[in-house]
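Welcome, and please load the model in your viewer. We will go from stop to stop, with something to select at each one.

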Amino acid sequence: MSNMEDVGELKQSGDLTGDGGVIKEILQAGRGAERPEKGDEIVMHYVGKLEDGSIVDSSRTRGQAFKFKLGKGSVIRGWDLVTRTLAKGEKALVTLAPAYAYGETGSPPRIPPNATLTFEMELENWISSKDLFGDGSVMKASETEGGGWERPGIFSEVTCKIVAKRLEPGPGKVLFDGEKVFSVGTGTAHKAWDKIVQDMKKDGSVSLICTPPCVTGPGLDFVPADVTKVQYDITLLHWLKVEDVSGDHGVMKKVLREGDGWETPNEGAFVSVNIEYRVVTNGVAGDVAIKHEPFIFTVIDGAVAEGIDVAVQKMKLNEIAIVYLKAPYAFGSCPNMCPPRIKPTDDLEVKIELLSFDRSKDSWSLSVDEKKKQIIARKAKGNQLYNVGRLKLAMRHYEIGTSLFEYRTAELSPEVAKEVNELTMACHLNLAACYKKQNNMDKVLVHTKKAIDIEPTNVKALYRRGCAYLALDNFYKAEQDFKRALEVEPENTEVKRKLAELSRIIAKQDEADKSLYSNMFAKTK
């Protein structure tokens, strides 16, 4: 195919590529002569089928149109080609040979290798990439591609060359010519810059024409108040990847030097790092408060603050990163470990270099004996962490303990099965105790039930589940569990006390109900 992917050379229907790879039949004509262009955000409905007529995917079934950016490699090759030929509202039946669909490998399990696909495609709408916000306030005037394939992601710290020119009122004048550094998606830069850089490659450039309300933005004090039109020429020089590794902005990792390979430490890995801690005050990091070169620890073993455990599991060998820790992920997670010069309420900036690591064995590769030793160790470590207030970390050890024999691939001897069941049950009960401390009674019910499934007469499990039901005002089920526990241990004073407490609560509730209904009937006489 001789550069047929240039939209100017594509037909509107029939054999679009000249090799029979993309056949298009128009089912419903569209409106107008305009067609989408590269970079436009496409809104498409479709139904995809195999040659035998079986449906492999459908936006119609989901009830929601599919959105993608044209020409950015986010869809199969045939889709990119066909979409450029569609008018708004046009519906077409498209047949794609494997080379223009999923090729020799297919897309298991739904699409087999070397599959020819048919799509009924309907172009609902598109948003022009030239009109950044769809309201004419920011228009893309020109663009050069840049090199490579990577683009900055959300939170990336980007450095751009910016030339800002006043266009109106005239005469034209350069307002700024220099570099700007900002974090993507944090509201610290002009919203047009924020959006456009996520679509740019290194050394790519773009010119934006901005009118109210997008003439200026945060920190752009060089734009006079009377200016009504500005041109921003933006060149993406470089960026540092920043990742929200905790998922709640509590642990943010900025890569200073990329690591080697693809492996990262896992839970239980033995790691060696160079590490520096700085206290952050009003968003600014101070001098180095602590420095260890090297520092050796086991991941999730309780030797470091929670955020360090989280961050190193996202690092590669020889990677250097700056990790920003909110206080709850810093020494707020372990106040008893707080070193001099750092308080539990301090946010921290931590520089980490991952020197080496030995991954712990994955659970699927452990023998029965190794799993048994592992669950004993996890339970013991969880208990140790629970006793020093590291509740979240303790829970992670108990969770691993409960999962080790969740899927049993080999028959266990009666003796081993009994021991495994006891250990697994203990981990579930300890998790229930942790969730009780967090006042999460629904989770208490989950883990006490799993313990009772293992041993239906376990008094501790029945008692803890009864207490959870009581806290949730489910008096009937609470009473059932307490009575079952007393059947097993008739003299258990704690269960007796709880049952008596429940009886008083029920009696008080009955009195309140009686009074309520008495008043209701009195009013109706």
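**Stop one: the cavity**

About 50 Å³ of space lies in the largest cavity. On a 1 Å grid over the protein atoms alone, a cavity is a set of points where a 1.4 Å probe fits but cannot get out, and lining residues have an atom within 4 Å of a point. Grid points are joined across faces, edges and corners, and a volume is the space filled by probe spheres set on the points. One cavity of 30 Å³ or more turns up in a search of the whole structure.

A word on the model: it is predicted, so local features need pLDDT of at least 70 and side-chain atom pairs count only at pLDDT 80 or more, while totals for chains, interfaces and linings use all residues. Residues are numbered from 1 along each chain as its sequence is written, and side-chain values use heavy atoms, with hydrogens and water left out.

Now select Lys72, Glu143, Thr144, Glu145, Arg151, Asp199, Met200, Lys201, Gly204 and Ser205, which line the largest cavity. By class, this lining has one nonpolar, three polar and six charged residues (Ala, Val, Leu, Ile, Met, Phe, Trp, Tyr, Cys and Pro count as nonpolar, Asp, Glu, Lys and Arg as charged, and the others, Gly among them, as polar).

**Stop two: the pocket**

Next comes the largest pocket, with a volume of about 510 Å³. A pocket is an open set of grid points with protein on both sides within 12 Å along at least five of seven lines. Its lining has 19 residues; select Ser183, His249, Met252, Tyr324 and Lys326, which lie nearest the centre of the pocket. The elements giving two or more residues to this lining are β14 (251-257), β16 (284-298), β17 (320-325) and β18 (347-358). Helices (H or I, at least four residues) and strands (E, at least two) are DSSP runs, numbered from the N terminus. Which strand gives the largest share of the lining? Strand β18 does, with three residues.

Stay on β18 and select Leu348. Leu348 is buried, with a relative accessible area of 1% (buried means under 20%, exposed over 50%, partly exposed in between, with a 1.4 Å probe and protein chains only). Beyond its neighbours within four places in sequence, the contacts of Leu348 include Tyr277, Val323, Phe331 and Ile342; contact means heavy atoms within 4.5 Å.

Most residues other than glycine have a negative phi, and most peptide bonds are trans. Select Glu168 and Pro169: the peptide bond from one to the other is cis, with omega near -10 degrees. Pro169 lies in the loop between β9 (157-168) and β10. Another cis bond joins Pro212 and Pro213, where omega is about 10 degrees.

Then pick Asn114, whose phi is positive, near 55 degrees. Asn114 sits in the loop between β6 (91-96) and β7 (117-127) and is partly exposed, with a relative accessible area of 48%. Asp473 also has a positive phi, near 65 degrees. Asp473 lies in the loop between α9 (459-471) and α10 (475-488), and at 55% relative accessibility Asp473 counts as exposed.

**Last stop: zoom out**

Show the whole chain, coloured by secondary structure: there are eleven helices and 18 strands. Along its principal axes the C-alpha trace spans about 90 × 75 × 65 Å.
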